Amino acid sequence: MSYTFSHSQALFERASKVIAGGVNSGIRKLEQPVPLYFTHGQGSRLWDEDGNEYIDFQTGQGALLYGHAPQGMAEAVYEQAKRGTHWAAQSLLEIEVAERLCQLIPAAEYIRFNNSATEIVNSVFRLARAHTGKPLILKFEGHYHGWGDEGLVGFGIPADKWGPDERPASLHPSQGVIPEVLEKFIVVRWNDPEHLRQRVEEFRGQIAAIVFEPVLCNTCCIEPGEGLVSTIRELCDRDGMLMIADETITGFRFGGGGAQKHYGFTPDLTILGKAIGGGVPFAAMAGKKWVFEKIINGQVVHAGTLNSNPLCLAASKWCLDEIIRRGEAHPATIIQLGRQLMEGLRALADRFEIPLRPQGPGLVFHTVILKPGAAEGPVRDYRDYVQRHDAARFTHLRRCLLEEGVRAIERGLWFLSLEHSAADISDALARAETAFSRHAQEWKKS
Ligand SMILES: Cc1ncc(COP(=O)(O)O)c(C=O)c1O
């Protein structure tokens with residue numbers, strides 16, 4: 001097939017004259033050979049300005065759990081738009097959406113809405129500090145909690161700045177961050193309960209909350225190892241810290257109850273984004289009633305002009321009804337399809353002698369390519385990932401896949417949607433065969 005991208009190239013050049021850097025989110029520049037410009041999507045498929053059709057596993061960075069342009073959602077948003085796009089006030093819709101969230105999520109008794117998970121992260125950290133009267137937040141290395149000054153501490157830090165294994169440095173990948181913020185975070189390696197205990201001990205009595213992605217989707221899709229989540233819960237209960245589950249990716253993807261139901265834990269606060277709105281700018285925090293006390297009495301400010309915007313609520317109500325309708329059947333089907341894709345990619349990789357090792361729970365997974373001489377076995381944490389994953393080689397393979405019409409996320413993540421079918425997986429693997437063959441030949445020569 002081998003797609004070309006001349007229309008996207010021309011549009012990117014035009015955009016670069018009026019949009020800083022040509023894109024509106026830094027990571028979009030990673031797309032090779034050029035950031036793509038899309039015209040429309042339907043279900044599992046997406047089309048660009050060059051007329052190329054993709055089987056899409058990027059799915060709007062995971063927000064499009066219900067596929068591209070679901071008709072029911074389009075109608076719900078259209079009907080709402082005719083009645084009003086924005087009120088900055090109350091509506092029946094916001095109660096209906098909050099009721100559905102409380103019905104679906106085990107640890108949800110109260111809800112508040114914002115428009116991005118980054119805003120929710122700010123809100124829950126503020127609430128946790130106010131509630132406990134303690135200044136510090138403990139987070140895990142390589143976990144992504146939005147792009148703010150606080151959420152991004154300890155993410156994407158280069159190896160020469162890591163600090164020792166026992167005390168990961170508290171650094172931020174961006175310049176311009178309020179320097180004192182870094183002192184308010186304790187960074188801990190993922191999947192090492194003993195190390196976690198030691199770090200909590202070091203700062204005992206000063207920690208307001210422990211925040212984590214239940215599956216470390218933003219770095220290599222690493223599931224929580226034996227005893228990790230229960231250790232977080234135990235330490236939080238012992239020291240009065242809040243357990244904050246960032247379910248921005250895992251929420252609804254793992255079924256209505258999210259990762260907390262799937263892995264069997266109960267957080268104090270839950271961060272929800274992406275699939276809660278199926279692609280509209282919508283996010284929420286959910287938690288036990290007592291956690292919200294200071295928001296209710298006004299001691300903690302939580303605000304936003306576009307909070308509980310009716311267009312977003314209409315979309316979200318449709319999404320949540322879709323999850324409720326699917327009941328217990330979800331997420332079994334997308335787990336199974338995702339595993340099929342993982343196994344198919346691994347078989348192709350073996351055939352073409354590419355050291356590709358898909359890992360993750362299926363409904364989202366990461367394709368690690370081992371560096372020459374790197375050890376086998378699942379990647380366990382951020383440091384392990386950087387040391388063993390051959391990012392340059394994956395970039396080449398990803399481009400070959402794109403040119404054959406299979407679109408994964410630039411850094412190696414794949415999202416399944418509820419619109420992907422067994423036929424899509426077979427089609428993707430047939431296209432991947434050509435891409436892997438090309439990659440194997442070209443990479444050998446390079
Ligand atoms: C786990 C996690 N938390 C928070 C965020 C921030 O979400 P948003 O981009 O909606 O602000 C993301 C975004 O990718 C995420 O993956």
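**Reading the core, a sheet and the ligand shell**

Me: In this predicted model, which residues of the largest nonpolar core touch the most other members?

Reply: In soluble globular proteins, nonpolar side chains tend to be buried together. Here the largest nonpolar core has 120 residues, and V124, I210, L242, I244 and A284 touch the most other members.

Me: What is V124 in contact with, leaving aside its neighbours within four places in sequence?

Reply: The contacts of V124 are then I244, L269, I271 and M285.

Me: Now the sheet. In what order do the 4 strands of the open sheet stand?

Reply: The order is β1-β2-β3-β13, with mixed pairing. β1 (38–42) and β13 (406–407) are at the edges with a single partner strand each, so one side of each has no neighbour in the sheet.

Me: How many bridges join β2 to β3, and how do these strands run?

Reply: Strand β2 (residues 45–48) and strand β3 (residues 53–56) run antiparallel and are joined by 3 bridges.

Me: Last, the ligand. How many residues surround the ligand, and which are the closest?

Reply: There are 15 residues around the ligand, the closest being S116, A117, T118, G146 and T248. Helix α4, residues 117–132, gives the most to this shell, with 3 residues.

Me: How do the residues of the shell divide into nonpolar, polar and charged?

Reply: The shell around the ligand holds 5 nonpolar, 8 polar and 2 charged residues.

Methods: Residues are numbered from 1 along each chain as its sequence is written. This is a predicted model: local features need pLDDT of at least 70, side-chain atom pairs count only at pLDDT 80 or more; totals for chains, interfaces and linings use all residues. A nonpolar core is a set of buried Ala, Val, Leu, Ile, Met, Phe, Trp, Tyr and Cys residues joined through C-beta atoms within 7 Å. A residue is buried if 20 or more other C-beta atoms lie within 10 Å of its own, exposed if 12 or fewer, and partly exposed in between; C-beta atoms are placed from the backbone. Two residues are in contact if their C-beta atoms, placed from the backbone, lie within 7 Å. Two strands pair if DSSP finds at least two bridges between them. Helices (H or I, at least four residues) and strands (E, at least two) are DSSP runs, numbered from the N terminus. A residue is near a molecule or strand if its C-beta atom, placed from the backbone, lies within 6 Å of it. Ala, Val, Leu, Ile, Met, Phe, Trp, Tyr, Cys and Pro count as nonpolar, Asp, Glu, Lys and Arg as charged, and the others, Gly among them, as polar.
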